[in-house]
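Have the structure open as you read.

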Amino acid sequence: MCLLRNFFKWTCYQDLKLYNSVSGVKMNQINKFDYVKSFETEDRCLPNCWTVVRIDGKNFHKFCDLHELQKPNDKRSLELMNRSAACVMQEFHDINIAYGQSDEYSFVFRKDTTMFSRRKDKILTNVVSLFASSFAYFWSTYFGTEQLLYPPSFDGRIVLYPTDKNLRDYLNWRQADAHINNLYNTVFWSLVNKKGLTTTEAQERLKGTLSGEKNEILFKEFGMNYNNEPAMFKKGTVLVRKLMRDPSSDKTKKITIAMNCDIIGDAFWKENHEILEMKTSNLYENTEKFVTY
């Protein structure tokens, strides 16, 4: 690898010399511009911390309206989000777990990751750009002939969590947010689509209501039991890696699988203890198979 890198540098140097001879620019004139590199800064993630990259759809209310996505939930869109997130996990093996709901996804990198030398800008831009390009690339897989009317975009942020408890509390917060938002939206759009209320009237009707009251509205006025709603809508989606044996080759491979389950309680973390234990790279084989949605 070192020889290859040196050869690449030598090739670039020869190309630069050729360019200089053709253009008339001297090497010392090129070198005098090198000082501009000093303006670049490198903001690195603190060591020994879980690195979480959370992405959000930019102005997705407009995106949903323009593409006429089903409300309160569009299964195709959620599956496309999951497919895009799986692409990110497939590319970056240092991600232990990912959690998504609505138009957001969180990716958790293991504590000792050295990816891009832990540079925040590199980690963030690579994750966000791959997710956005995957979303556009796989659009037709889930929406068929429906045209993507303009390029979707996502913003992102990086947050560091020093302890396992901090990380679990973060993921608990995101799943609790999914439940609260989905319950509200389920009642809200039932009032609008089935009862004919305007969005303003529905908003006023739900103002100040508690979760029990929202459940009661669904049951009494629409005959809906919120507990029977799809788990993907209520709980979001968790992507994890599992070591499984391939019957065809009798080798163990890492499989990326999706689950729609509760992650707030202890049961999930006991059954998937390797998520928090996989803090270092030497615990798992460097092989992976992607499960297609």
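The largest share of the lining of the largest pocket comes from α7, which gives eight residues. Keep in mind that this is a predicted model.

**The largest pocket**
- The largest pocket holds about 780 Å³ of space.
- Its lining runs to 33 residues, and the closest to the centre are C64, P72, S102, D103 and N185.
- Elements giving two or more residues to that lining are α3 (60–66), α4 (75–91), β2 (95–101), β3 (104–109), α7 (164–193) and α10 (231–235).
- By residue type, the lining splits into 13 polar, twelve nonpolar and eight charged.

**Helix α5**
- With 18 residues (120–137), α5 reaches 26 Å from first C-alpha to last, close to the 26 Å expected at 1.5 Å a residue.
- Its buried residues are I123, V127, V128, F131, A132, S134 and F135.
- These cover an arc of only 165 degrees around the axis, so they sit on the same side of α5.
- Covering those buried residues are, among others, β1 (50–57), α3, α4, β3, α6 (139–143) and β4 (154–161).

**Helix α9**
- Helix α9 has twelve residues (211–222) and reaches 16 Å from its first C-alpha to its last, close to the 16 Å expected at 1.5 Å a residue.
- Buried here are K214, I217, L218 and F222.
- Down the axis of α9, they fall within an arc of 95 degrees, so they line one face of the helix.
- Their cover includes α7 and α8 (199–206).
- F219 and K220 are exposed on the other side of α9.
- Just after α9, G223 takes a positive phi of about 65 degrees.

Notes:
Residues are numbered from 1 along each chain as its sequence is written. This is a predicted model: local features need pLDDT of at least 70, side-chain atom pairs count only at pLDDT 80 or more; totals for chains, interfaces and linings use all residues. Side-chain values use heavy atoms; hydrogens and water are left out. On a 1 Å grid over the protein atoms alone, a cavity is a set of points where a 1.4 Å probe fits but cannot get out, and a pocket is an open set with protein on both sides within 12 Å along at least five of seven lines; lining residues have an atom within 4 Å of a point. Grid points are joined across faces, edges and corners, and a volume is the space filled by probe spheres set on the points. Helices (H or I, at least four residues) and strands (E, at least two) are DSSP runs, numbered from the N terminus. Ala, Val, Leu, Ile, Met, Phe, Trp, Tyr, Cys and Pro count as nonpolar, Asp, Glu, Lys and Arg as charged, and the others, Gly among them, as polar. The expected span of a helix is 1.5 Å times one less than its number of residues. Buried means under 20% relative accessible area, exposed over 50%, partly exposed in between (1.4 Å probe, protein chains only). The arc is that of the directions from the helix axis to the C-beta atoms. Contact means heavy atoms within 4.5 Å.
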